[in-house]
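This report goes through selected features of the model shown below.

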Amino acid sequence: MLNTFKYTVLSLTRVRSVLFWTLAFPIILGTIFFAMFSNIDSSNDFEPIPIAVINDSNYQDEAAFRQLVDTLSETGENQMLVPSFVKEETAAKELLKDQSVVGYYKIETDGKPKLYTAVGSGADFSTSINQTILKNLLDNYIHKSSTINTLMEENPLTLMDPAFTENLYEQNSYTNEISITANKASGSIRYFYSLLGFASIMAAMIGMTAIVRTQANLSALGARRAIGATARAKTLVATLVAAWLVSYICLLIGYCYLSFVLGINFGRDALSILGLGIASFMATGLGACIGTIPKLPEGTKIGILTGLTCLVSLFAGLYGEPAMELADNLARNAPIIQMLNPARLVTELFYSLYYFDGYEQFITTSLFLVAYGLVLLFIAATFMRRQRYASL
Amino acid sequence: MEIVAVENLVKRYKELLALDHFNMKIEKGEIFALLGPNGCGKTTAINCILQLLTYDKGSIRLFGEEMTPGRYDIKRRIGIVPQNIAVFEELTVRENIDYFCALYVKDKHERKKLVNEAIEFVGLEDYTKFRPRKLSGGLIRRLNIACGVVHKPELIFFDEPTVAVDPQSRNSILEGIKAFNRSGATIVYTSHYMEEVEEIGTRIMIMDHGRIIASGTNNELKAMIGNAEKIQIEIADMDNVALEQLKSLPFVQKVCYDSKTLDVTCAAGNNNLGRLLEKLQSLQLNIGRVYSDPPTLNDVFLELTGTELRD
Ligand SMILES: Nc1ncnc2c1ncn2[C@@H]1O[C@H](COP(=O)(O)OP(=O)(O)O)[C@@H](O)[C@H]1O
Ligand SMILES: [Mg+2]
């Protein structure tokens with residue numbers, strides 16, 4: 001069993017076509033994406049937004065807003081704003097005009113903060129993203145402070161609960177909100193998630209190749225191995241584990257290339273690596289499933305798998321804006337199809353790591369993918385276990 | 001006890017009847033040769049025996065026990081050199097042999113010894129690091145053989161091991177098979193080359209269209225047919241009168257003349273050639289070269305099926 005494992009790993013890592021599709025191709029595609037996007041958005045690291053704040057008596061009166069601006073301006077990882085305090089609105093307008101700030105906050109006479117930004121079409125992509133972020137920040141603040149006001153009038157006791165107020169003012173809740181906005185705007189990260197999805201499905205090629213070589217009805221080698229004195233189950237388990245390992249390694253290499261060479265930040269590395277393991281498990285199941293289809297020659301199966309990968313990747317939004325819209329539409333209108341789309345699932349798995357602070361989404365998607373892999377393996381097993389055939 | 005006992009095996013591929021009540025009994029120590037033209041069902045028979053193919057009827061017993069796909073204990077005693085090359089393209093010669101050895105032998109040290117012996121046996125010492133793609137047709141056949149016999153099985157199936165092999169490799173393969181047999185292995189050998197079968201088979205079974213035509217030792221098979229000898233004589237001028245005279249000889253079965261050579265098929269018996277030459281001399285014909293061929297398995301096949309074995 002150990003030998004089957006060893007030699008399956010050895011042989012798989014030497015199959016050139018497999019290495020091309022599962023290793024080289026995603027790396028090439030990633031490099032192309034990187035070259036395409038590097039001038040659109042500089043990176044997914046968030047750059048604090050330069051803003052003017054009119055520091056007049058109205059501003060001094062709004063302690064809560066002052067607190068917000070100060071918190072968001074604290075230097076460090078979570079810094080969102082680089083404020084320039086000015087006394088007069090005219091000074092703020094000057095700064096806005098020579099584009100040293102994206103906008104300015106002003107507390108109106110009624111005590112409500114307001115955002116002023118440059119109007120017109122001159123704004124470039126990143127400026128308009130930043131404007132949106134500033135606006136969202138403010139809306140959020142207004143929404144929450146009005147909640148507090150209402151509560152103060154109706155149910156002041158709630159405010160005594162420290163957990164509640166903490167929640168309201170917790171800076172994290174702002175950064176969270178903001179980071180969603182930021183990443184939606186810097187859309188290129190989506191391509192790389194889709195790419196991971198694509199690479200994972202391509203990795204099914206490995207499981208497929210490995211399984212074809214164990215099936216007596218599919219290859220002379222499979223027939224020869226079936227006559228050997230090693231139990232069928234052992235051969236299959238060793239082969240599948242080997243295929244899983246090799247596809248996992250291929251994905252890890254691709255991931256490391258994207259992450260360390262191209263410098264793409266996928267969020268939480270440890271969990272991403274776990275995610276790749278899960279994705280490659282599902283891919284091995286998929287490969288085994290396609291691999292065991294009787295009568296089709298291996299070349300045709302490679303074709304089927306390549307085509308399938310490209311198709312599911314289309315619906316996972318690999319090919320740019322329109323495809324992403326298509327993916328989103330499909331998710332809304334035909335949720336079942338998208339739920340069963342392995343590329344979409346893998347894409348979502350990594351998404352969830354980046355977008356959500358919690359693990360719920362990640363765990364749910366992971367479990368679904370594992371279950372998916374198991375179902376595929378189960379289907380494959382009904383074919384794989386066979387030892388005798390009516391014809392070879 | 002027979003090592004292989006196949007009784008009334010019937011195998012159909014949809015409409016095609018590939019094996020029609022096929023029977024085969026092989027004793028320990030034999031080189032049992034299965035001879036028949038391409039498509040007669042040799043590989044099908046082997047694949048049924050090894051439980052790769054389902055069959056419609058019949059019983060298969062190996063080493064006195066019923067064979068099923070799960071009988072790994074029986075499989076351990078069997079070696080197989082399949083007709084189609086079955087090796088890993090990406091593994092080297094040594095890795096391939098070691099892989100197949102590991103299907104039967106767990107112990108690492110023992111395996112190493114066996115692998116070295118197999119490599120030496122097929123003469124691939126200079127190629128141990130080569131991938132199969134880099135080997136010539138003859139060498140790759142030898143690798144295929146090494147993979148099949150590395151675990152020193154008691155019973156070895158060779159399915160057309162000499163197809164597409166140069167004469168030198170062919171001879172060394174045949175010598176190798178004899179050596180295995182001498183060291184105690186029972187051999188099942190299939191081929192559509194009668195010369196090979198005559199050379200190595202201790203017992204021969206001839207089959208056609210899934211049916212057994214005849215079986216026995218080489219001599220037994222030849223004794224089965226009436227014609228013992230084919231005589232070919234170069235004669236320049238021969239008329240019909242002379243031909244008729246030849247045909248009337250009691251031991252002559254068939255006469256054929258194409259204005260240059262005379263072919264005479266004789267019945268079994270002694271001194272056919274002498275009596276024939278005597279007659280020709282009495283007819284005062286100019287005789288050139290004379291060839292006399294003992295009967296071949298092809299003649300047996302021809303006699304029994306009405307078609308030539310060679311294609
Ligand atoms: N998988 C198959 N499906 C249908 N017919 C087959 C199949 N394999 C072999 N045959 C047919 O069965 C017959 C016996 O084939 P085979 O056992 O390979 O012959 P041999 O090994 O003697 O050349 C042939 O007529 C062949 O065409
Ligand atoms: Mg054959």
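The model is predicted.

## Chain B

Chain B is made up of 311 residues, of which 52% are buried. Its secondary structure comprises eleven helices and 14 strands. Taken along the principal axes, the C-alpha atoms of this chain fill a box of roughly 75 × 45 × 35 Å.

## Positive phi angles in chain B

Most residues other than glycine have a negative phi. His21(B) is not a glycine, yet its phi is positive, at about 45°. This residue sits in strand β2 of chain B. Its relative accessibility is 36%, so His21(B) counts as partly exposed.

Glu160(B), also not a glycine, has a positive phi of about 45°. Glu160(B) is placed in the loop that runs between β7 (155–159) and α6 (167–182) of chain B. Is Glu160(B) buried or exposed? With a relative accessibility of 3%, Glu160(B) counts as buried, since the cut-off for that class is under 20%.

## Met24(B) in strand β2

Strand β2 of chain B covers residues 16–26 and contains Met24(B). The relative accessibility of Met24(B) is 3%, and the residue therefore counts as buried. Between Met24(B) and Ser169(B) there are 145 residues of sequence separation, and their C-alpha atoms are 29 Å apart in space.

## The site of ligand 1

Which chains surround ligand 1? Residues from chains A and B do, so the site is shared between chains.

Several distances describe how ligand 1 meets chain B. A polar backbone atom of Gly41(B) lies 3.0 Å from an oxygen atom of the ligand, and a polar backbone atom of Lys42(B) lies 2.8 Å from a ligand oxygen. For Thr43(B), an N or O atom in the side chain is 2.6 Å from an oxygen atom of ligand 1. On its own the ligand has 560 Å² of accessible area, and the protein covers 66% of that.

## The largest cavity

Three cavities of 30 Å³ or more are present in the structure. The largest of them holds about 80 Å³ of space. Its lining consists of Thr22(A), Leu23(A), Pro26(A), Ile27(A), Leu195(A), Leu196(A), Ala199(A), Cys250(A), Leu251(A), Gly254(A), Tyr255(A) and Leu258(A). The elements of chain A that give two or more residues to this lining are α2 (16–37), α9 (188–202) and α12 (232–261).

Which element gives the most to the lining of the largest cavity? α12(A) does, with five residues. The lining divides into ten nonpolar and two polar residues, with no charged residue.

## The second largest cavity

The second largest cavity has a volume of about 70 Å³. On the side of chain A, Thr214(A), Arg225(A), Ala226(A), Thr230(A), Arg232(A), Thr235(A) and Gln387(A) line this cavity, and Tyr72(B) and Leu103(B) join them from chain B. At least two lining residues each come from α11 (220–227) and α12 of chain A. This lining contains three nonpolar, four polar and two charged residues.

## Thr209(A) in helix α10

Thr209(A) belongs to helix α10 of chain A, residues 204–212. With 2% relative accessibility, this threonine counts as buried. Where does its side chain reach? The side chain of Thr209(A) comes to 2.7 Å from the backbone oxygen of Met205(A).

Notes: Residues numbered from 1 in each chain as written. Chains lettered and ligands numbered in written order. Heavy atoms only, no water. 1 Å grid on protein atoms, 1.4 Å probe; cavity = no way out; pocket = protein on both sides within 12 Å on 5 of 7 lines; lining within 4 Å. Points joined across faces, edges and corners; volume = space filled by probe spheres on them. Helix = DSSP H or I, 4+ residues; strand = E, 2+ residues; numbered from the N terminus. Nonpolar A, V, L, I, M, F, W, Y, C, P; charged D, E, K, R; others polar. Near = heavy atom within 4 Å. Polar contact = N/O pair within 3.5 Å; in protein donor to acceptor, adjacent residues only side chain to side chain. Areas by Shrake-Rupley, 256 points an atom, 1.4 Å probe, with all protein chains shown as cover. Buried < 20%, exposed > 50% of the residue type's maximum accessible area, 1.4 Å probe, protein only.
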